[in-house]
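Hi,

Here is the model I said I would pass on. Have a look at it first, and then read my notes below.

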Amino acid sequence: MKKYQHLSYGERVLIGHLLKEGLSRRGIAERIGRSAGTVSREIQRNKNREEYVADTASKKYFVRRQKMAYLDRNLKLQSYVLDRLYEGHSPQIIAGRLRA
């Protein structure tokens, strides 16, 4: 199984350039060595209204990466998990109890 790597800024610039040239998403994917799904998701997530701009796409990507972890956003859950960890419970046991 291939290890996934995020698209680089250079790949985003190339996607934008090839889109302006009129190349299809599959054609772009073959050109940059990525799957058509990856290219399609990138364009869909990061386009500006109707146009794909690499700078905007890169900024949107970094904003998504900065999103806080769920435990940081839910203080009640964070308190519960930390209390159980201090009591000596394993993360797997805590997760199992939360699912039940």
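This is a predicted model: local features need pLDDT of at least 70, side-chain atom pairs count only at pLDDT 80 or more; totals for chains, interfaces and linings use all residues.

The buried residues of α4 pack against α1 (9-20), α3 (36-46), β1 (47-48) and β2 (51-52). Here helices are DSSP runs of H or I with at least four residues, strands are E runs of at least two, and both are numbered from the N terminus. Ala54, Thr56, Ala57, Ser58 and Tyr61 are the buried ones in α4, where buried means under 20% relative accessible area, exposed over 50%, and partly exposed in between (1.4 Å probe, protein chains only).

Residues are numbered from 1 along each chain as its sequence is written, and side-chain values use heavy atoms, with hydrogens and water left out.

On to α2 (residues 25-32), where Gly27, Ile28, Ala29 and Ile32 are buried. Their cover includes α1 and α3. Just after α2, Gly33 has a positive phi of about 75 degrees.

Glu50 sits in the loop between β1 and β2 and is exposed, at 73% relative accessible area.

Now the whole chain. There are seven helices and two strands, in the order α-α-α-β-β-α-α-α-α. The radius of gyration is 20 Å, well over the 13 Å from the globule rule for 100 residues, so the chain is more spread out than a compact globule. That radius is taken over C-alpha atoms, and the rule is 2.2 Å times the number of residues to the power 0.38. Along the principal axes, the C-alpha atoms fill a box of roughly 60 × 30 × 20 Å. Buried residues are 26% of the 100 in the chain. Of the contacts (heavy atoms within 4.5 Å) with a separation of 6 or more, 34% join residues 24 or more positions apart.

Cheers
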